[in-house]
Amino acid sequence: MPGEREFQQRIQRMGDSIQELDMITDPATRTRVKLLIQSLMELHSAGLEKALEIIFNSGEAGQPIIDRLGHDPLVGSLLVLYGLHPEDVDTRVEKAVERVRPQLRKQGSEVELLTNHDGIVALQVKVGGHACGSTTATLRAMIEDAIYEAAPDIASLQIEGLEGKPASGFIAVDALLGSAAVAARENGAD
């Protein structure tokens, strides 16, 4: 059974191969290949859906099994791919934010979920006073990884509060004084 990293690499290779389909010059062949892929996806979807239905109908133990399948990184990813995950996208985003929140607090930061509806996600991050550009890049990566792992099917992700942080404490003079004041100073005027 492949590990999570190997699975992600396989998904990437599949995505690359699908993009290469558009380079097939013969339109009939391109259409047949795309139909074959679509048919396989539909077959897999129907099979997974039937398996989940059988598990659910097995009695009290069924729903907890489905929930465990949804929380497994590999199986959960497949269920998302086929639109069969037991949790909707909004719930998965909320849980991802809750999971990443303690890591952000260790970095002196807080995250607030501003919008989470129909796969449109907006977050506000409040960064500790002495965060540098590399810290904000790390925070952004932590948040994005958590959200995309839990909900790769989101439509958009906006993270406010991590943009425009300088990589060091240095602030350019023209940013403080304005470019006109700098130009005047360089020309010897006061």
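## A tour of salt bridges

Begin by selecting E98 and R101, which both lie in helix α5 (residues 89-106), 3 residues apart, or about one turn of the helix. The model on your screen is a predicted one, and in it the side chains of E98 and R101 come together in a salt bridge, with 2.3 Å from N to O. Colour the two partners by accessibility and look at each in turn: E98 is partly exposed, its relative accessible area being 47%, whereas R101, at 13%, is buried, because buried here means a relative accessible area under 20%.

Next, select R105 and E110, whose side chains also meet in a salt bridge, this time with 3.0 Å from N to O. R105 counts as partly exposed at 47% relative accessibility, and E110 is likewise partly exposed, with a relative accessible area of 35%.

Now move to D22 and K34, where the side chains form a salt bridge with 2.8 Å from N to O. Which parts of the chain does this pair link? The two residues are 12 residues apart and join distant parts of the chain, for D22 sits in the loop between α1 (4-21) and α2 (27-56), while K34 belongs to helix α2 itself. If you show the surface here, D22 is partly exposed, with a relative accessible area of 49%, and K34 is partly exposed as well, at 36%.

To finish, zoom out to the whole model, where the count comes to 8 salt bridges, among them the pair E98 and R101, the pair R105 and E110, and the pair D22 and K34.

Conventions:
Residues numbered from 1 in each chain as written. Predicted model: local features only at pLDDT ≥ 70, side-chain atom pairs only at ≥ 80, totals over all residues. Heavy atoms only, no water. Salt bridge = Lys/Arg side-chain N within 4 Å of Asp/Glu carboxyl O. Helix = DSSP H or I, 4+ residues; strand = E, 2+ residues; numbered from the N terminus. Buried < 20%, exposed > 50% of the residue type's maximum accessible area, 1.4 Å probe, protein only.
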